[in-house]
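Please keep the sequence and the model in view while reading.

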Amino acid sequence: MVEVTVTPRSSLADRPVRVQVRGLSPSQLVTLRASLTDEQGERFQARAFFRADGAGEVDPGVHAALGGSYAGVWPMGLFWFLQPDTLFRRLVKRDVAGSPFLVRLEVFDGLCLVTAPQDRPLASAEAERWYVGPGVQRVPVREGRVRGALFLPP
């Protein structure tokens with residue numbers, strides 16, 4: 001049984017996570033895809049192609065991506081190379097304290113350049129990427145022409 005894990009499942013957006021796929025056949029060619037939908041409903045995706053090792057595992061921090069959104073060993077490549085489905089959109093988090101970005105990680109058999117709605121992943125997982133840590137207080141700043149926010153640690 002194929003399994004995708006993200007460790008830790010919930011983390012701050014600037015912290016690294018480890019993505020691992022287990023249960024594949026040795027040397028199996030797979031596509032790992034990360035996707036998220038931002039607060040305006042815009043979808044962002046990144047994908048990378050991997051060949052499983054002799055134990056049937058893929059770890060982007062150890063194994064080189066053969067192509068896709070990037071190539072080579074990039075532990076956080078699926079997160080760093082997210083691109084919008086619509087050109088000229090930017091990934092911006094407006095509500096930094098209220099909710100995380102939910103990044104869905106899926107593994108597909110073979111090379112999947114485009115996935116149709118009927119395509120089913122072999123396995124999937126979800127990662128929460130928070131922009132404000134627990135207990136951090138957000139204080140709006142409005143002084144003269146200065147506008148911003150001050151984030152105070154707990």
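Are Arg33 and Glu106 buried or exposed? Both Arg33 and Glu106 are buried, where buried means under 20% relative accessible area, exposed over 50% and partly exposed in between, with a 1.4 Å probe and protein chains only. The model is predicted, so that local features need pLDDT of at least 70 and side-chain atom pairs count only at pLDDT 80 or more, whereas totals for chains, interfaces and linings use all residues. Residues are numbered from 1 along each chain as its sequence is written, and side-chain values use heavy atoms, with hydrogens and water left out.

The structure holds 8 salt bridges, each a side-chain nitrogen of Lys or Arg within 4 Å of a carboxyl oxygen of Asp or Glu. Three of them are listed here.

| Pair | Closest N to O |
|---|---|
| Arg9 and Glu128 | 3.9 Å |
| Arg33 and Glu106 | 2.3 Å |

Arg33 in strand β4 and Glu106 in strand β8 are 73 residues apart; strands are DSSP runs of E, at least two residues long, and helices runs of H or I of at least four, numbered from the N terminus. Arg43 is partly exposed, at 31% relative accessible area, and Asp85 likewise, at 44%. Shared partners join Arg33, Arg104 and Glu106 into one network of salt bridges.

The largest nonpolar core has 30 residues, and Leu105 is among those with the most contacts inside it; such a core is a set of buried Ala, Val, Leu, Ile, Met, Phe, Trp, Tyr and Cys residues joined through side-chain atoms within 4.5 Å. Leu105 touches, including others, Val4, Arg33 and Phe79, contact meaning heavy atoms within 4.5 Å.

Terms used:
Lists of a residue's contacts leave out its neighbours within four places in sequence.
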